[in-house]
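Have a look at the structure first, then go through the points.

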Amino acid sequence: MDLAATRHTHHETVSRGPMRWLTTTNHKDIGTLYLWFSLLMFLIAGSLALLIRAELFQPGLQFLQPAFFNQLTTMHGLLMIFGAIMPAFVGFANWQVPLMIGAPDMAFPRLNNWSFWLLPAAACLMLSSFFVPGGAAAAGWTMYPPLYIQGGIAYDMTILAIHLMGLSSILGAINIITTILNLRTPGMTLMKMPIFVWTWLITAYLLVAVMPVLASVVTMLLTDRHFGTHFFDAAGGGDPVMFQHLFWFFGHPEVYIMILPAFGIVSTILPTFARKPLFGYVSMVYAVASIAILSFLVWAHHMFTTGLPAGGQIFFMYSTMLIAIPTGVKVFNWVATLWRGANSFETPMLFALAMVCLFTIGGFSGLVLAIVPIDVQLQDTYYVVAHFHYVLFAGAAMSILGGVYYWLPKWTGHMYDERLGQIHFWLTAIAFNVTFFPMHFLGLVGMPRRIPDYAPQFADFNMLASIGAFVLGASQLLFLYTVIKCIRGGAPAGDKPWEGATTLEWTLSSPPPYHSFTTPPVLTTDTPHGLA
Amino acid sequence: MSRGMPFVAVAIVLAPGGALAELGFNLPPPATGIAREIYDLHTLVLWICVGIFAVVFLPMFYTLWRHRKAKGHVAASFRDNTRLEVLWTIVPALILVGMAWPATNLILAMKNVGDSDLTIKVTGRQWQWEYEYLDDGLRLVSTLATPRREIDGGNPRSAHYLLEVDRPLVVPTNRKVRLVVTATDVIHSWWIPAFGIKQDAIPGFIKEAWFRVEAPGTYRGQCVELCGIGHAFMPIVVEALPPEKFAAWKNEQMTATKNATAAAQTAANATLSLTELTTRGEQVYNANCAACHQPTGLGIPGAFPALDGSAIVTGPVAAHLDRIFNGKPGTAMTAFGKLKLLSDLDIAAVVTFERNSWHNHVTAPDNLVQPAEVAALPR
């Protein structure tokens, strides 16, 4: 591989100023844009959550009126999912997929630019809806009718924003699939791809399959609102529960869209810092694929209290419990990867280890919720809130944070401040548990979710959760500082700062040249990771 | 596997901390057989999860400690082990079957709504519950009893803050009570944790659930499906009475309803003064209208229209009456008259109150509506 040549070509062609970012078709630039956008949304949506936690600090209405409170819970959910978590993973895909498969760029660079720039437009539409008469959408991120039909113009703005975000996701997914299937370096068969690439390939198929369903169902809401259709109105022959079926047919695969790339990141980090190959690569790939396929068969477990017939409840309970098997395989494989490794505990490794433990707790609470009779007690309570934050914060967001620390040296050419990274990790991990663990108890005791005020018996754990949330929120500012500090300078990273890393990006300089792998790299070994 | 064993284990863990037990870590004490079975099933599943967690993560922490780079450990290089991988696919599958079996039986029991002793229709509405004893035609509306000023003052004082209602649902103990659950506007969900039932109330559809309470007492829950700004403020209270007391209660209610109907008929013919109407109207307004239209009459811009200066409120009486009597379909505005939520007297009172409050000063005679005018509306 002619590294010297790739390192020094094209540097002079990088333009400067805002036009560079508006017109860029470079996968690294677009990856950077996605990641900054995602971080911004993470901080905004997190601030909304802190307002929620401020109101819930004590019983009684102190700061917020119920109408605004409901807007906060709705927008926190939508912005975190569509603004923070999903774009972050697409950012990783943009940076890493071409580098890991030895491709010069994404398959459709111009489409890539458009996929990204749809997002700020969508986010502006959604955020500006706070300022229209009536305020933002307040029917929950799940947008259930008929409540959603009652809202004002903000509800339409939210639907249109979701259309834009969905379009962005579909285009991004098509780009990723095409890149992975066509632009791999010679000799990198599918079963030799880095596991991160595998998880994204499967995720991209999920996106292509379900985002159109979401687009359809929100369009049906829109026509119910304005054009006299009655898809979800019993008085006109429709059914409000049909919305839930359609929404969750999108919504459950969506959950895996937000966790499979996280599995990929963790499966990349753990072998690096255990200095040992990923255990059971093949079964990892099959496990991810099984999870993806099963995700289409479990949607109604979000609807056990709607009055499904017994047969329906039993089918969806069994199919949901089945997901525990491939998920278990992944966790066992991770532990076996660590077994008798030479483990070290840099910040990315800490985040990956915390993800494995805490995501497993989220998996267990998921199993508890899968069991219909227990779900009847816990549905729509804080237990569910605890469950999906263990899966989405500890599972997805902590993997993203770990992934950022892992690849920052590659992206910037500088080592991040390890001490700050460690402090950020411990603050995040502890505050996360202080915030969300008590919510299991709140749910069991009987506190419903999405309420601005509650009975005094729930007061103690709510206060604890609020304190945890404030620390958790503040800690993320330390993350922002650490990232900026790393971009500005720091110890030179060298080509490969992690001795256990094996994938192709580490053969390039740090930061990699603006145009990398203009000629395909030659694979030197036969291992799945491409490079031993 | 005995279901009692994990239960004992929980008791041992939780027993020493009496204070901890009061803080509430677990499902509330079951009041029905179904709720008890759910409680035990949850305990079983929880302890299986705790066990698996220990089996998986103790080795992980051991290897992280024992095989760390800082101690100079050199990594092994194995990358798979088929026997192990088959084992950890099959064993979890067996454990899952062990959980699914009791769960399936319990689902079938929960779904068996046959052979009920009485049927109550539950209707959710923004933001109150209506109960109708279908066998007797007895009907009651149950609304939050916590005073608004306690909530807005941010200073909860009542013992059952937000979990108290003006008129609880009353049921007999040791009788199979079948609920048919529906809603008139948006989806609500009816839940009493101690009974182990939660059923979404879906507008336009009727869903069933059942319970059999074992001991007399007061059981509390609340709406658990987001239903708008009053979602936190539509509690559910069930009072379980021994069957003979329940029968007495029911007779008393039937008589009271009959008397109330007679009184309403008298009231419908009465002519009231402006002060009488506005005084009563203010109470009706605060209980039924203020959540959306606000005590100030200013509403919430964009979501709930202002009544202060509203064209309908200050315009012709007929349109104003129609809006309150028939509601506005597709919005949170309920048909208070058509659905018999307010008496003719109350509707007359609240209309009069609105036409004479805030900046609304409708000139006589249009400022005053008598119950007879409401009674004359087509039903």
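1. Chain B splits into domain 1 (4–111), domain 2 (118–258) and domain 3 (270–375), with bounds from an automatic or database domain assignment. Between domain 1 of chain B and domain 3 of chain B, the C-alpha centres are 57 Å apart.

2. Keep in mind that this is a predicted model, where local features need pLDDT of at least 70, side-chain atom pairs count only at pLDDT 80 or more, and totals for chains, interfaces and linings use all residues. Residues are numbered from 1 along each chain as its sequence is written, while chains are lettered from A and ligands numbered from 1 in the order in which they are written.

3. In chain B, strands β2 (residues 128–133) and β3 (residues 138–142) run antiparallel, joined by five bridges; pairing takes at least two DSSP bridges. Across the pair, B:E132 sits opposite B:R139 of β3(B).

4. Chain A has 17 helices and zero strands (DSSP runs, numbered from the N terminus: H or I of at least four residues for helices, E of at least two for strands). Its C-alpha trace spans about 70 × 50 × 45 Å along the principal axes. Of the 532 residues of chain A, 63% are buried, i.e. 20 or more other C-beta atoms lie within 10 Å of the residue's own, with C-beta atoms placed from the backbone.

5. For the contact, chain B gives 86 residues and chain A gives 82 residues (C-beta atoms, placed from the backbone, within 7 Å).

Terms used
Contact = placed C-beta atoms within 7 Å. Buried ≥ 20, exposed ≤ 12 C-beta atoms within 10 Å, placed from the backbone.
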